[in-house]
Amino acid sequence: MKAVVINDYGDRDQLTETEMPIPKIDDHQLLVKVVSIGVNPIDWKTRQGLRKARYPFKFPIILGQEMAGIVSKVGKSVTGFKVGDAVIGYGTPSNRGTYAEFYAIDADQAAHKPITVSFQEAAGLGLAGTTAWQALFDAGRLKVGETVLVLAGSGGVGSMAIQLAKQIGAHVITTTSATNDNYVRHLGADKVIDYKTQDFAKVSPEVDLVFDTLGGQNQLDAFKVVKPGGRIISIVETTDQADELSQKYGVSFKKINAHPDKDVITTLTNKLGAGKLKVPIATQLKFNAENVREMHKLSETGHIVGKLILNV
């Protein structure tokens with residue numbers, strides 16, 4: 001099968017196209033013929049070596065955790081799936097990821113793709129949607145009537161977070177640029193802060209929860225807008241001052257690492273199929289090494305509106 005791999009950590013030039021064996025599956029897995037692939041910041045962070053301490057993968061590494069495709073083989077102990085089923089998947093980090101023509105995934109990390117949804121939309125759901133869900137609800141305990149501030153609401157994860165928070169009856173504030181104001185309001189944002197002209201730490205009202213997708217100074221500033229007893233949930237690197245600031249402001253801070261979850265992926269897929277969730281696509285390109293490098297370049301800017309999708 002064709003795959004795009006890295007043979008060492010480094011810049012985008014490490015991404016090369018090669019032939020790899022089609023994965024063998026365990027009894028609890030599905031072999032999926034990949035149709036579309038979701039590209040995420042975690043992919044280029046892995047490529048740069050930023051995750052090698054946690055995941056000491058052997059080279060060559062096939063990046064990617066998000067995809068949608070057609071089941072081509074079913075493990076002996078798998079129920080609920082058959083050859084030919086269209087599926088959405090968000091898999092565990094490994095050195096045999098989704099940047100390939102075939103992908104082996106645990107059956108409980110996949111869900112049936114709704115017939116009303118394209119493979120491109122489906123491919124962008126799993127990682128982004130699960131990350132938003134686990135940050136807002138599992139770790140953040142967001143409830144109806146509470147106020148949440150989503151940092152970088154126009155990105156792939158932020159777009160999901162706005163929609164999910166609004167659906168449970170939360171008041172949603174987000175940061176983005178003025179050009180994306182209508183976009184995030186359409187997703188459900190009640191108040192939009194233009195980060196280019198406004199400092200959210202000065203203009204945001206007090207909130208119950210901050211969902212930090214940015215880190216750095218934004219993470220430090222988040223402590224200034226959370227009510228005493230409130231929460232900050234981050235999906236990026238933690239600043240050294242987080243513990244000190246938590247005590248100073250009386251705020252709970254937690255860094256989470258999203259992980260595949262059967263119940264979450266099923267819930268998200270049902271919402272997508274019912275039209276209650278949208279996966280806005282920023283750019284989609286044909287799957288080859290040159291375009292993978294281009295997608296990583298775009299993702300690294302941090303200014304993508306929606307999801308980046310590769311089509312096999």
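A residue counts as buried when its relative accessible area is under 20%. By that cut-off, 10 of the 12 residues of helix α4 are buried, so the helix is largely enclosed by the rest of the structure. Keep in mind that this is a predicted model.

**Helix α4**
- Helix α4 runs over residues 156–167, and its 12 residues reach 17 Å from first C-alpha to last, close to the 16 Å expected at 1.5 Å a residue.
- On the buried list for α4 you'll find G156, V157, G158, S159, M160, A161, I162, Q163, L164 and A165.
- Just past the end of α4, G169 has a positive phi of about 95°.

**The β2-β1-β4 sheet**
- Here three strands make up an open, antiparallel sheet, ordered β2-β1-β4.
- Strands β2 (16–19) and β4 (61–62) sit at the edges, each pairing on one side only.
- Two bridges hold the antiparallel pairing of β1 (residues 2–6) with β4.
- Within β4, I62 is the residue standing opposite V5.

**The largest cavity**
- There's one cavity of 30 Å³ or more in the structure, and the largest cavity holds about 90 Å³ of space.
- It has 14 lining residues, with R51, L63, G64, Q65 and S94 the closest to its centre.
- Strand β4 turns up again here: β4 and α1 (41–47) each supply at least two residues of the cavity lining.
- By type, the cavity lining splits into six nonpolar, six polar and two charged residues.

**The second largest pocket**
- Of the contributing elements, α9 gives the most, with four residues.
- The pocket lining divides into five nonpolar, six polar and two charged residues.

**Salt bridges**
- Side chains of opposite charge can pair when their charged atoms come close.
- In this model the salt-bridge count comes to nine.
- One of them joins R47 and E300, with the closest N and O atoms 3.0 Å apart.
- That pair spans distant parts of the chain, with R47 in helix α1 and E300 in helix α10 (residues 289–300), 253 residues apart.
- R47 is buried at 2% relative accessibility, while E300 is partly exposed at 26%.
- Another salt bridge brings together the side chains of D85 and K82, at 2.9 Å from N to O.
- In this pair, D85 is buried with a relative accessible area of 9%, whereas K82 is exposed at 54%.
- A further salt bridge links D208 and K227, whose closest N and O atoms are 3.5 Å apart.
- D208 belongs to strand β12 (residues 207–212) and K227 to strand β13 (residues 226–234), so this contact ties together parts 19 residues apart in sequence.
- Finally, shared partners join R12, R47 and E300 into one salt-bridge network.

Note on methods
Residues numbered from 1 in each chain as written. Predicted model: local features only at pLDDT ≥ 70, side-chain atom pairs only at ≥ 80, totals over all residues. Heavy atoms only, no water. Pairing = 2+ DSSP bridges. Nonpolar A, V, L, I, M, F, W, Y, C, P; charged D, E, K, R; others polar. 1 Å grid on protein atoms, 1.4 Å probe; cavity = no way out; pocket = protein on both sides within 12 Å on 5 of 7 lines; lining within 4 Å. Points joined across faces, edges and corners; volume = space filled by probe spheres on them. Expected span 1.5 Å × (residues − 1). Buried < 20%, exposed > 50% of the residue type's maximum accessible area, 1.4 Å probe, protein only. Salt bridge = Lys/Arg side-chain N within 4 Å of Asp/Glu carboxyl O.
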